[in-house]
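User: I have a model open and want to work through its fold. Let's go question by question.

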Amino acid sequence: VLCYHSVGSRACGELRRWELTPAFFEDQMAYLRDAGYAPVPLATLARWLREPGADMLPDRPVVVTFDDAYANFEQAFAILARHDVPVTLFVPTAHVGDRSSWYATQAARDRMIMSWAALADVHASGVEVGSHAHRHVPLDEQPIAVARSDIARSKALLEDKLGAPVQAFAYPYGYFDAAVRRAVRDSGFRYACAVKNWTSGPGDDHLAIARIFPPTDGDLVAFARVLLHGNRSRRRTEAVSTKAWRLARRVRSGLRRRP
Ligand SMILES: [Zn+2]
């Protein structure tokens with residue numbers, strides 16, 4: 001399950017690492033089809049996680065999700081539609097039609113979030129619209145009553161504005177604990193996405209579906225690797241090579257310093 005944020009070329013500060021160019025996003029979507037992946041809706045994967053016996057998934061299933069509903073989602077959606085890739089969009093409802101004010105740094109706080117009208121449009125065009133809670137705060141750090149009302153308020157708002165049931169939830173920052181997971185279930189969500197940096201598989205919790213971050217730096221080989229192994233093995237490899245590089249540098253500088 002892929003977790004995207006932004007397709008564009010204007011991000012700055014802490015947002016930059018979450019944004020990929022339209023050209024690289026198009027390359028990734030084309031790669032999915034070329035490499036034999038079968039994009040499926042999140043709901044299909046969630047159903048399979050709940051009833052693993054049912055033979056509903058194609059070979060090499062992949063799910064595309066977008067968090068935060070930045071206004072440039074419409075550009076991403078045009079590319080997704082061109083490649084016939086279903087998508088789930090997670091909306092932090094307090095920020096609809098406003099800016100990404102949950103970020104810490106000023107540079108990242110001024111991104112426009114989609115309006116209700118734009119959300120209704122993409123919903124009508126087949127995008128699954130899910131909740132990313134209301135205020136985009138770490139829910140596991142809130143008193144549970146506060147977390148519950150944040151979750152429930154977001155669902156009620158989305159259903160009211162879109163006139164359709166909302167089944168999908170994504171934990172802000174991927175943070176949750178048992179009480180938050182229960183609150184999401186009790187609010188009537190059918191499935192929920194976490195992060196975990198790992199590929200999803202049988203036995204996964206449908207209320208904490210693992211997601212991975214696709215690379216944003218233009219490296220299609222890295223994208224292929226992430227699809228196969230998730231982000232964790234990639235990080236481990238990077239960590240090892242970084243350590244080896246540091247060691248080599250230390251040895252070299254040690255040699256130089258000796259008379
Ligand atoms: Zn988010």
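**Helix packing**

Analyst: Helix 5 (residues 116–124) and helix 6 (residues 144–162) pack with their axes 10 Å apart, at an angle of about 70°. Note that this is a predicted model.

User: Is helix 5 roughly parallel or roughly perpendicular to helix 6?
Analyst: The angle between helix 5 and helix 6 is about 70°. Angles of 65 to 115 degrees count as roughly perpendicular. Therefore helix 5 against helix 6 is roughly perpendicular.

User: Which residues in helix 6 do W116, L119, A120 and H123 in helix 5 meet?
Analyst: The two helices pack with axes 10 Å apart. W116, L119, A120 and H123 supply the helix 5 side of the contact. On the helix 6 side, the residues are L157, L158, K161 and L162.

User: How many helices and strands does the protein chain have?
Analyst: The chain has 259 residues, and 47% of them count as buried. Of the contacts with a separation of 6 or more, 61% are between residues 24 or more positions apart. The secondary structure comes to nine helices and 11 strands.

User: What is the bridge partner of Y4 in strand 6?
Analyst: Strand 1 (residues 2–4) runs parallel to strand 6, and three bridges join them. The partner of Y4 in strand 6 is F66.

User: What is the bridge partner of D67 in strand 7?
Analyst: Strand 6 and strand 7 (residues 87–91) run parallel, joined by four bridges. Strand 6, helix 3 (residues 73–82) and strand 7 also make a right-handed β-α-β unit. D67 has as its partner in strand 7 residue F90.

User: How many Å apart in space are F90 and F66, C-alpha to C-alpha?
Analyst: F90 lies in strand 7. Its relative accessible area is 0%, so F90 is buried. F90 and F66 are 24 residues apart in sequence. Their C-alpha to C-alpha distance in space is 6.2 Å.

User: Is A69 buried or exposed?
Analyst: A69 is found in the loop between strand 6 and helix 3. Its phi is near 55°, a positive value in a residue other than glycine. Relative accessibility is 1% for A69, and the cut-off is under 20%. So A69 counts as buried.

User: Is D84 buried or exposed?
Analyst: D84 lies in the loop between helix 3 and strand 7. D84 is not a glycine, yet has a positive phi of about 55°. Its relative accessible area is 59%, and the cut-off is over 50%. So D84 is exposed.

**Cysteines and strand 10**

User: How many disulfides does the structure hold?
Analyst: A disulfide needs two cysteine sulfur atoms within 2.5 Å. For C3, the nearest cysteine sulfur is that of C193, 7.9 Å away, and C3 is in no disulfide. C193 is in no disulfide either. The number of disulfides is zero.

User: What is the relative accessibility of C193?
Analyst: C3 counts as buried because its relative accessibility is 2%. C193 counts as buried too, with a relative accessibility of 0%.

User: What is the bridge partner of A168 in strand 10?
Analyst: Strand 10 (residues 191–196) is mostly covered, with five of its six residues buried. Strand 9 (residues 168–170) runs parallel to strand 10, joined by three bridges. Strand 9, helix 7 (residues 178–186) and strand 10 make a right-handed β-α-β unit. In strand 10, A168 has as its bridge partner Y191.

User: Which residue in strand 11 does K196 stand opposite?
Analyst: Strand 10 and strand 11 (residues 209–211) pair in the parallel sense over two bridges. In strand 11, the residue opposite K196 is R211.

User: How many Å apart in space are L49 and H206, C-alpha to C-alpha?
Analyst: L49 is in helix 2 (residues 42–50). At 8% relative accessibility, L49 is buried. Its contacts beyond four places in sequence include H206 and I209. L49 and H206 are 157 residues apart in sequence, while their C-alpha to C-alpha distance in space is 5.8 Å.

Key: Residues are numbered from 1 along each chain as its sequence is written. This is a predicted model: local features need pLDDT of at least 70, side-chain atom pairs count only at pLDDT 80 or more; totals for chains, interfaces and linings use all residues. Side-chain values use heavy atoms; hydrogens and water are left out. Two strands pair if DSSP finds at least two bridges between them. A crossover is right-handed if, with the strands pointing away from the viewer, the path from the first strand over the helix to the second runs clockwise. Buried means under 20% relative accessible area, exposed over 50%, partly exposed in between (1.4 Å probe, protein chains only). Axes are lines fitted to C-alpha atoms, for helices over the stretch in contact, and angles run from 0 to 180 degrees between N-to-C directions. Angles under 35 degrees count as roughly parallel, over 145 as roughly antiparallel, 65 to 115 as roughly perpendicular and the rest as oblique. Contact means heavy atoms within 4.5 Å.
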